[in-house]
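Here's a quick briefing to read alongside the model. Have the viewer open and follow along.

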Amino acid sequence: MTSPLRALRLKTRIFTAIVVLTNVLGNSFLSRGMQSVGELLSLSPIPYIRALFNPWVAMGVSLLIVWLLSHMALLSWADLSYVLPVTSIAYALVALVGRVFLHEQVSMARWAGITLIVIGVTLVGHTSPRTTKVHNKTGA
Amino acid sequence: MRWLLVSIIVLATTVGEVLQAIGMRHHGEIHDFRPGALGRVVSALAQSRHIIASVAAMAVSFFAFMALISIAELSFAVPATAGSYILETILAKYLLKERIGWKRWAGTVFVAAGVVLLSF
């Protein structure tokens, strides 16, 4: 029975890619927008709602909604202890994007961090995405 | 102030994601990705208590994160809030009964160490 496992892995890879990309882009847009919105330390919802009208914040929030839904879909068949480390490749991606597009300095410690994350994600990626029984409505 | 926000984010994210995993497990695997079927999934999830509570916790985490990146850099905010997934992996083992073998533990520790190094 290799083909169901293969299908599960393929589906998991595709959704992991969607989760990672929407997370990285969503947070970058949000961060860009928040820099022009200014400090936001208030318990009143009004400044937050006003921030949502900033186009960068609005795009960031839209991408993060896609992130939330694809993350939920992924968790419908994959373990949380699998999804968590695997999607954290996003952290390494953020650092690389900063290096390539924003010409940020990447220190030795950061390169070491990126390397460790890639090794960790590879290790977890080699485990089965699911170790528990999944509810099956047909009862099979 | 920034560390208070970090603690709120870590706790709210942990609660939110664990509840999300429970809710999605109750729902069962999503097979059908056509728009109509996805619409039915969304309306089923909107009635799930676990998912509603999870979205509420994630909203708290999201607004605290917005407040944090308005006073701190993204390169501080992202690694600082990564603490949540060590906590989540432990909860996944004991609460969700996931089987975490040596590869998954080792990978998780590597990733966590890597994220901490990114903040330097």
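Let's start with Ala21(B), which is buried: 29 other C-beta atoms sit within 10 Å, and the cut-off for buried is 20 or more. Keep in mind that this is a predicted model. It scores ipTM 0.86 and pTM 0.84.

**Around Ala21(B)**

- Ala21(B) belongs to helix 1 of chain B.
- Setting aside neighbours within four places in sequence, Ala21(B) is in contact with Leu75(A), Leu80(A) and Leu96(B).
- His50(B) is 29 residues away from Ala21(B) in sequence, yet the C-alpha to C-alpha distance is 8.8 Å.

**Chain B as a whole**

- The C-alpha trace of chain B spans about 45 × 35 × 25 Å along its principal axes.
- Out of 120 residues in chain B, 45% count as buried.
- Take the contacts in chain B with a separation of 6 or more: 82% of them are between residues 24 or more positions apart.

**How helix 1 meets helix 5 in chain B**

- As a reminder, two packed helices are described by the angle between their axes and the distance between the axes.
- Here, the axes of helix 1 (residues 2-27) and helix 5 (residues 84-94) of chain B come within 9 Å and cross at roughly 35 degrees.
- The crossing of helix 1 of chain B past helix 5 of chain B is right-handed.
- On the helix 1 side of chain B, the contact is made by Val10(B), Thr13(B), Thr14(B), Glu17(B) and Val18(B). Helix 5 of chain B brings Ser84(B), Leu87(B), Glu88(B) and Leu91(B).
- Sorted by type, the residues of this contact between helix 1 and helix 5 of chain B are four nonpolar, three polar and two charged.

- Is Ala82(B) buried or exposed? Ala82(B) counts as buried, because it has 21 C-beta neighbours inside 10 Å and the cut-off is 20 or more.
- Ala82(B) is in the loop between helix 4 and helix 5 of chain B.
- Not counting residues up to four places away in sequence, Ala82(B) touches Tyr91(A), Ala112(B) and Val115(B).
- One of those partners, Ala112(B), is 30 residues from Ala82(B) in sequence and 7.3 Å from it in space, C-alpha to C-alpha.
- Lys97(B) sits in the loop between helix 5 and helix 6 (102-118) of chain B.
- Lys97(B) is exposed because it has 10 other C-beta atoms within 10 Å, and 12 or fewer is the cut-off for that label.
- Most residues other than glycine have a negative phi. Lys97(B) is not a glycine, but its phi is positive, about 60 degrees.

**Chain A**

- Chain A comes to six helices and zero strands, and the order from the N terminus is α-α-α-α-α-α.
- What radius of gyration does chain A have? The value is 18 Å, whereas a compact globule of 140 residues would be near 14 Å.
- Along its principal axes, the C-alpha trace of chain A spans about 55 × 40 × 25 Å.
- Of the 140 residues in chain A, 42% count as buried.
- Residues 24 or more positions apart make up 76% of the chain A contacts with a separation of 6 or more.

**Where the chains touch**

- The contact between the chains takes 45 residues from chain A and 46 residues from chain B.
- On the chain A side that touches chain B, helix 1 (2-37), helix 3 (55-75), helix 4 (80-87), helix 5 (89-101) and helix 6 (108-125) of chain A each supply at least two residues.
- Which helix of chain A gives the largest share of that side? That would be helix 6 of chain A, with 12 residues.
- By type, the chain A residues on the side that touches chain B are 26 nonpolar, 15 polar and four charged.

**Confidence**

- Chain B averages a pLDDT of 89, and 100% of its residues score at least 70.
- Within chain B, confidence is lowest in helix 4 (residues 74-80) of chain B, at a mean of 74. Helix 1 of chain B is where confidence is highest, at 93.

Conventions. Residues are numbered from 1 along each chain as its sequence is written. Chains are lettered from A and ligands numbered from 1 in the order in which they are written. This is a predicted model: local features need pLDDT of at least 70, side-chain atom pairs count only at pLDDT 80 or more; totals for chains, interfaces and linings use all residues. Two residues are in contact if their C-beta atoms, placed from the backbone, lie within 7 Å. Helices (H or I, at least four residues) and strands (E, at least two) are DSSP runs, numbered from the N terminus. Ala, Val, Leu, Ile, Met, Phe, Trp, Tyr, Cys and Pro count as nonpolar, Asp, Glu, Lys and Arg as charged, and the others, Gly among them, as polar. Axes are lines fitted to C-alpha atoms, for helices over the stretch in contact, and angles run from 0 to 180 degrees between N-to-C directions. A crossing is left-handed if the near helix is turned anticlockwise from the far one by less than a right angle, and right-handed if clockwise. The radius of gyration is taken over C-alpha atoms; the globule rule is 2.2 Å times the number of residues to the power 0.38. pLDDT is the predictor's confidence in each residue, from 0 to 100.
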